[in-house]
Amino acid sequence: MEGFREKNARRLTIFRTLMATRATNQSPAHVEALNAAPIDFYKDKQVMDAWEEYFMHLTSEPGNNPTWGPRRVDLFVKLLALIGAKVGYDFNVAQMNRIYFPNGRSRHR
C-alpha cells in the first residue's frame with residue numbers, strides 16, 4: 001500500500017508546478033501537472049469537482065466571448081486554492097493572481 005508521504009509529495013509537486021507555471025498555462029509542465037491532478041486527487045470530491053469544472057471550461061470554444069479568459073482564471077485559481085489547502089498552503093486570491101512574467105528588457109538604462 002502506498003504511503004502517505006509519497007502521495008503527499010506527488011500532490012505537493014502538482015501544486016508547486018501549477019503555481020510556478022501559472023503565467024505559462026500552455027507550457028508542457030503546466031499541462032502535465034493539470035493532467036496529473038485527477039490521479040492523485042481522485043478521492044477528493046472538492047478538488048475533482050473544481051478540476052472537472054475547469055477542464056470543461058478549457059475544452060469549450062471561447063469564440064468571441066470576452067468573459068472566457070477571466071472565467072478561466074477564476075476557475076483555475078479556485079482549483080489551485082483547493083489543491084493548495086490540501087497540501088498545507090493557504091494563499092489568498094490576490095497572492096495567487098500576483099504573477100511575475102518578464103516582458104523583455106527595459107529600454108531605460
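**Helix packing and the nonpolar core in the predicted model**

Histidine 30 is placed in helix H2, where helices (H or I, at least four residues) and strands (E, at least two) are DSSP runs numbered from the N terminus. The model is a predicted one, in which local features need pLDDT of at least 70 and side-chain atom pairs count only at pLDDT 80 or more, whereas totals for chains, interfaces and linings use all residues. Residues are numbered from 1 along each chain as its sequence is written, and side-chain values use heavy atoms, with hydrogens and water left out.

With a relative accessibility of 1%, histidine 30 counts as buried, the term meaning under 20% relative accessible area, with exposed meaning over 50% and partly exposed in between (1.4 Å probe, protein chains only). When neighbours within four places in sequence are left aside, histidine 30 is in contact (heavy atoms within 4.5 Å) with Thr17, Leu18, Thr21, Arg22, Thr24, Asn25 and Phe76. For one of these residues, threonine 17, the C-alpha atom is separated from that of histidine 30 by 6.4 Å, although the two residues are 13 apart along the chain.

The chain as a whole has five helices and zero strands, giving the pattern α-α-α-α-α when read along the sequence. Of its 109 residues, 31% are buried, and among contacts with a separation of 6 or more, 55% are accounted for by residues 24 or more positions apart.

Helix H2 comprises 13 residues and reaches 19 Å from its first C-alpha to its last, close to the 18 Å expected at 1.5 Å a residue, the expected span being 1.5 Å times one less than the number of residues. Besides His30, the buried residues of H2 are Ala33, Leu34, Ala37, Pro38 and Asp40, and the buried residues of this helix pack against H1, H3 and H4. For helix H4, the 19 residues should span 27 Å at 1.5 Å a residue, and the end C-alpha atoms are 27 Å apart, which agrees. Buried positions in H4 include Trp68, Arg72, Leu75, Phe76 and Val77, as well as Leu79, Leu80, Leu82, Ile83 and Gly84; the cover over the buried residues of H4 includes H1, H2, H3 and helix H5 (93-97). After H4 comes glycine 88, with a positive phi near 100 degrees.

Two packed helices are described by the angle between their axes and the distance between the axes. Here axes are lines fitted to C-alpha atoms, for helices over the stretch in contact, and angles run from 0 to 180 degrees between N-to-C directions. H3 and H4 pack at an angle of about 160 degrees, with their axes 9 Å apart, and are therefore roughly antiparallel to each other, given that angles over 145 degrees count as roughly antiparallel, under 35 as roughly parallel, 65 to 115 as roughly perpendicular and the rest as oblique. Residues making the contact between H3 and H4 include Val47, Trp51 and Tyr54 of H3 and Leu75, Leu79 and Ile83 of H4.

The axes of H2 and H3 come within 10 Å and cross at roughly 145 degrees, with H2 passing H3 in a left-handed crossing; this contact is made by Leu34, Ala37 and Pro38 of H2 and by Met48, Trp51, Tyr54 and Leu58 of H3. For H1 and H4, the axes likewise come within 10 Å and cross at roughly 145 degrees, again in a left-handed crossing, and the contact is made by Asn8, Phe15, Leu18 and Met19 of H1 together with Phe76, Leu80, Ile83, Gly84 and Lys86 of H4.

The largest nonpolar core has 22 residues, and those with the most contacts inside it are Leu18, Phe41, Leu79, Leu80 and Ile83; such a core is a set of buried Ala, Val, Leu, Ile, Met, Phe, Trp, Tyr and Cys residues joined through side-chain atoms within 4.5 Å. At least two residues of this core are supplied by each of helix H1 (4-20), helix H2 (28-40), helix H3 (45-58) and helix H4 (68-86), and the largest share, seven residues, comes from H4. Leaving aside neighbours within four places in sequence, phenylalanine 41 is in contact with Arg11, Ile14, Val47, Met48, Ile83 and Lys86.

Conventions: Left-handed = near helix turned anticlockwise from the far one by under 90°.
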